[in-house]
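Please look at the structure shown here and follow it step by step, from one chain to the other and then to the places where the two chains come together.

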Amino acid sequence: MHAFANPARFLRIARPLTPWLFWGGLALLVAGALCGLLLTPADYLQGESVRILYIHVPAAWLGMGGWTGIAVAALVQMVWRHPLAGVAGRAIAVPGALFTAICLVTGSIWGRPTWGTWWEWDGRMTSMLVLLFLYFGYIALARASAADGRGIGDNGGVSRVTAIFALVGAINLPIINRSVVWWNSLHQGPSITVRGSTIDMAILWPLGLTVLGFSLWFGAIVLMRMRAILAENKIEARLARMAREGLSEGMGESGGEGAREGRVA
Amino acid sequence: MAMKKKHQRLVLALIALVAVIGAGLLAASALKDEAAYFYTPEDAKVKGVEPGKAIRLGGMVVGGSLKKQADGVTIAFDVTDGKAVVPARFTGIAPDLFREGSGVVAEGSFDRNGTFIATNLLAKHDERYMPRELEGMTYNATSHEMKAQ
C-alpha cells in the first residue's frame, strides 16, 4: 500500500486506468439499461415499472459502498497516515452523494405507481436520507478543512475531525441494511442476500451489467477527482513556495519541480 | 518505535470504532418498536390502540375478504398478519397494487366497533420479482426455486 505513498507513482497507474473504467463502465451500463428495457419481461405484480430496479439498486449499493470507502480511507488516514487516504475520501464523497441521491429519486419515482406514495418516513427511506445528509456534512467538513490549509500535505486536506465524522457515520450503514428486517417498513425485505435472490433470473440478469457498469464508472469518477485534488494541492504548494521564495526564483526553477512536489502533494 | 505508535493508533481506532458501532446498534435495536412504520393487527390488539387515534395498520389483505360497498367508492376488507385479523374500510382510490393476498399499509384509525377506517391506502409488495408466466407458481424459500402447483 505504501508503494503508492508517492502520488507520482499513483498517477502513473491512475491516468491510463481512468478512460478504461469510464468508457468500459459507460458501455456496460448502457448495455444493461437497454437489456433491462427491451429484453426482460415485466413483473407479474408491478408490470413495467419494475425496470427502474436496474438503476435504483446499483445506485443504492454504490451510495452505501461510497461511505464504506470513505470510512476505510478515514481509518487508513488516522492509523497509517497514508498521504492518499484523505485525497481518496474527498474524491469518493461527491459521487457517493450523487448515487445516494439517484437512489432516493428513483425510489420515489418507483414508489408512486407501486406503493401509491412518493415518500413515506419508513426505516429504509429515512436511513437512506440520513446517509445523503451525512455525505453533505462530510463534503462541507472536508472542504472547510482543505480551505483551512493546515491539512494539505499530510492528508490531502482532510482534517482529523472529518475522518472521525466519516467513521462515526459508518454506523448508518448496518442500520440501512437491517432497516427492513428490524422494523416494519413499507419498503420490502431484502431480495438479494448471500443465500440467493428472490428476483427471478429472467428479470435479474441485466442487473449484473448495470451494477458492474456503475461501479466502474464510480471508480473512474473517483480517480478523476483524486487527480484533480492532487493537482490542486500541487498548485497550492507551488503558490506557497513562490510566495516564500519570491516570484522570479519560483518561475526560474519550474523545470525540476515534479518529483519534489509529488511528495509535497 | 514508529511501528509501535502505528499499532497503538490502530488498536485505539478499532476500539473506538467497535464502541461507536455497538452504541449505534444498541440505540437502533432499542428503537425497534418506536421506529416501526406500522402496527400489525396483532400489535393493535395487544397494545389496545384506542378508537380515533391515528395509526398505520399493515398486513396482508385476506383472500376473498375484499368487498365493494353499494356506493361504489367504498371497499371493505380484512387485514391479517397471520396471528390476528382486523376488518378495515376505505373510501377512495386504492393503488393499483392493492389486491387480495398482497400487502397493504392503511393510514387511519379504529372506530368504536373495532373496524379500521382508513383515510389512505398504500400497497406493500414483497421481495419477489418474477415474470407473469410464473405467477401462481409456488416459491420455495430455502432453494429459491419456483415450482408449478
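What percentage of the 149 residues of chain B count as buried? The share is 24%, where a residue is called buried if 20 or more other C-beta atoms lie within 10 Å of its own, exposed if 12 or fewer, and partly exposed in between, with the C-beta atoms placed from the backbone. This is a predicted model, in which local features need pLDDT of at least 70 and side-chain atom pairs count only at pLDDT 80 or more, while totals for chains, interfaces and linings use all residues. Residues are numbered from 1 along each chain as its sequence is written, and chains are lettered from A and ligands numbered from 1 in the order in which they are written.

Staying with chain B, its secondary structure comes to 2 helices and 8 strands; here helices (H or I, at least four residues) and strands (E, at least two) are DSSP runs, numbered from the N terminus. Read from the N terminus on, the order of these elements is α-α-β-β-β-β-β-β-β-β. The domain assignment divides chain B into domain 1, residues 1–35, and domain 2, residues 41–124, with bounds that come from an automatic or database domain assignment. Taken over C-alpha atoms, the centres of domain 1 of chain B and domain 2 of chain B are separated by 43 Å. Among the contacts in chain B with a separation of 6 or more, 42% join residues 24 or more positions apart, two residues being in contact if their C-beta atoms, placed from the backbone, lie within 7 Å.

For "transmembrane region", an unreviewed UniProt entry lists residues 20–39, 59–80, 92–111, 123–141, 161–183 and 203–224 of chain A; UniProt positions are given in the numbering used here, feature names are shortened, and annotations may be inferred rather than shown by experiment. In the model, residues 20–39 of chain A are 95% helix and 0% strand, with end C-alpha atoms 27 Å apart, and residues 92–111 of chain A are 100% helix and 0% strand, with end C-alpha atoms 28 Å apart.

The 28 residues of α2(A) should span 40 Å at 1.5 Å a residue, and the end C-alpha atoms of α2(A) are 39 Å apart, which agrees; the expected span of a helix is 1.5 Å times one less than its number of residues. Because 21 of the 28 residues of α2(A) are buried, this helix is largely enclosed by the rest of the structure. Just after α2(A), A:Arg81 takes a positive phi of about 55°, although A:Arg81 is not a glycine. This residue sits in the loop between α2 and α3 of chain A, and A:Arg81 is partly exposed because 15 other C-beta atoms lie within 10 Å. In α4(A), the buried residues include A:Met128, A:Leu131, A:Leu134 and A:Tyr138, and what covers the buried residues of α4(A) includes α2, α3, α5 and α6 of chain A.

Of its 67 residues, A:Trp67, A:Ile70, A:Ala74, A:Ala88, A:Tyr138 and A:Met226 touch the most other members. The elements that each supply at least two residues of this core include α1 (7–38), α2 (53–80), α4 (123–148) and α7 (201–245) of chain A. Apart from this core lies another, of 28 residues, among them A:Trp115, B:Tyr39, B:Ala106 and B:Phe116.

The contact between the chains takes 38 residues from chain B and 40 residues from chain A. On the side of chain B that touches chain A, α1(B) gives the most, with 11 residues.

Finally, an unreviewed UniProt entry places the feature "binding site" at B:His125 and B:Tyr129. B:His125 counts as partly exposed because it has 18 C-beta neighbours inside 10 Å, whereas B:Tyr129 is buried, with 22 other C-beta atoms within 10 Å. Leaving aside neighbours within four places in sequence, B:Tyr129 is in contact with residues including A:Asp43, A:Val50 and A:Asp200.

Conventions. Core = buried A, V, L, I, M, F, W, Y, C linked by C-beta atoms within 7 Å.
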